[in-house]
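Reader: I would like to go through this protein chain with you. Could you take me through the fold and the charged side chains?

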Amino acid sequence: MMQDIADSEAFTADLLRGHTDTIVLGVLRRHDSYGFEIYKSIREATGGAYEIKEATLYASYRRLVRDGLAEAYWGDESQGGRRKYYRITDAGRAAFRSNVANWVATRGIIDDLLGTAPTALKGTRA
């Protein structure tokens with residue numbers, strides 16, 4: 001039983017990790033943000049059930065900036081140290097929309113294949 005839970009968590013983490021860039025772009029779509037703030041936004045959005053490790057997030061930030069999907073700049077903090085902020089670019093917004101559309105299409109196919117689509121489930125509940 002414990003192994004089943006561990007396997008399930010590992011499967012979920014692997015699946016989500018593959019969408020890290022899109023998840024980060026989703027946070028940046030709402031507003032510019034700095035690294036730890038993005039981490040907290042993701043954690044809070046899942047009620048603490050999921051968090052992305054810092055190393056994975058910082059690799060994502062570098063990849064997004066390198067690919068022109070986000071821009072980095074230093075904030076002018078009045079308290080504490082300066083923070084590096086990230087801003088989504090127009091290319092990042094387009095990539096986000098495309099990735100979400102691909103995710104929705106893929107989710108629909110998987111739901112159909114597994115019989116978990118909402119229309120398929122209606123007939124299974126008694």
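This is a predicted model: local features need pLDDT of at least 70, side-chain atom pairs count only at pLDDT 80 or more; totals for chains, interfaces and linings use all residues.

Reader: Understood. How many helices and strands are there in the chain?

Author: The chain holds six helices and three strands. Read from the N terminus, the elements run α-α-β-α-α-β-β-α-α.

Reader: And what share of the residues counts as buried?

Author: Of the 126 residues in the protein chain, 25% count as buried.

Reader: Let us turn to the sheet. In what order do the strands lie?

Author: The three strands make an open sheet with the order β1-β3-β2, and the pairing is antiparallel. The edge strands are β1 and β2, each of which pairs on one side only.

Reader: How many bridges join each pair?

Author: Strand β1, residues 33–34, is joined to strand β3, residues 84–88, over two bridges. Strand β2, residues 70–74, pairs with β3 over five bridges.

Reader: Which residues face one another there?

Author: Ser 33 stands opposite Tyr 86 of β3, and Tyr 34 has Tyr 85 as its bridge partner in β3.

Reader: Now the charges. How many salt bridges are there?

Author: The count comes to six salt bridges. As background, side chains of opposite charge can pair when their charged atoms come close.

Reader: Please start with Asp 14. What is its partner?

Author: Asp 14 forms a salt bridge with Arg 17, and their closest N and O atoms are 2.7 Å apart. Both belong to helix α1, residues 2–17; because they are three residues apart, about one helical turn separates them. Arg 17 is partly exposed, as its relative accessibility is 41%.

Reader: Which residue does Asp 21 meet?

Author: Asp 21 meets Arg 63 in a salt bridge, at 2.8 Å from N to O. Asp 21 lies in helix α2 and Arg 63 in helix α4, residues 54–66, so this pair ties together parts that are 42 residues apart in sequence.

Reader: Are those two side chains buried, exposed or in between?

Author: Asp 21 is partly exposed, with a relative accessible area of 21%. That value is not under 20%, which is why Asp 21 does not count as buried. Arg 63 is partly exposed as well, at 31%.

Reader: What does Arg 87 pair with?

Author: The side chain of Arg 87 meets that of Asp 32 in a salt bridge of 3.4 Å, N to O. Arg 87 is in strand β3, while Asp 32 is in the loop between α2 and β1; the pair therefore ties together parts that are 55 residues apart in sequence. Arg 87 is partly exposed at 32% relative accessibility, and Asp 32 is partly exposed at 30%.

Reader: Which residues make up the network around that pair?

Author: The network of salt bridges links Asp 32, Glu 71 and Arg 87.

Reader: And where is His 31?

Author: His 31 is found in the loop between α2 and β1. His 31 is partly exposed, with a relative accessible area of 37%. From C-alpha to C-alpha, His 31 and Arg 87 are 7.4 Å apart in space, although 56 residues separate them in sequence.

Reader: Changing topic to the surface: which residues form the positive patch?

Author: The patch of positive charge gathers Arg 29, Arg 30, Arg 93 and Arg 97. The elements that give two or more residues to this patch are α2, residues 20–30, and α5, residues 90–114. Arg 93 is found in helix α5 and counts as partly exposed at 32% relative accessibility.

Reader: Which residues make the nonpolar patch?

Author: Phe 11, Leu 15, Val 100, Trp 103 and Val 104 make a nonpolar surface patch of about 440 Å². The elements that give it two or more residues are α1 and α5.

Reader: Which element gives the largest share?

Author: Helix α5 gives the largest share of the nonpolar patch, three residues. Val 104 lies in that helix, α5, and is partly exposed, with a relative accessible area of 40%.

Definitions and conventions:
Residues are numbered from 1 along each chain as its sequence is written. Side-chain values use heavy atoms; hydrogens and water are left out. Two strands pair if DSSP finds at least two bridges between them. Helices (H or I, at least four residues) and strands (E, at least two) are DSSP runs, numbered from the N terminus. Patches are made of residues with over 30% relative accessible area and no salt bridge: like charges are joined within 9 Å, nonpolar side chains (Val, Leu, Ile, Met, Phe, Trp, Tyr) within 5 Å. Accessible areas come from the Shrake-Rupley method with a 1.4 Å probe; for residues, only the protein chains shown count as cover. A salt bridge is a side-chain nitrogen of Lys or Arg within 4 Å of a carboxyl oxygen of Asp or Glu. Lys and Arg count as positive and Asp and Glu as negative; His and the chain ends are not counted. The place of a charge is taken as NZ of Lys, CZ of Arg, CG of Asp or CD of Glu. Buried means under 20% relative accessible area, exposed over 50%, partly exposed in between (1.4 Å probe, protein chains only).
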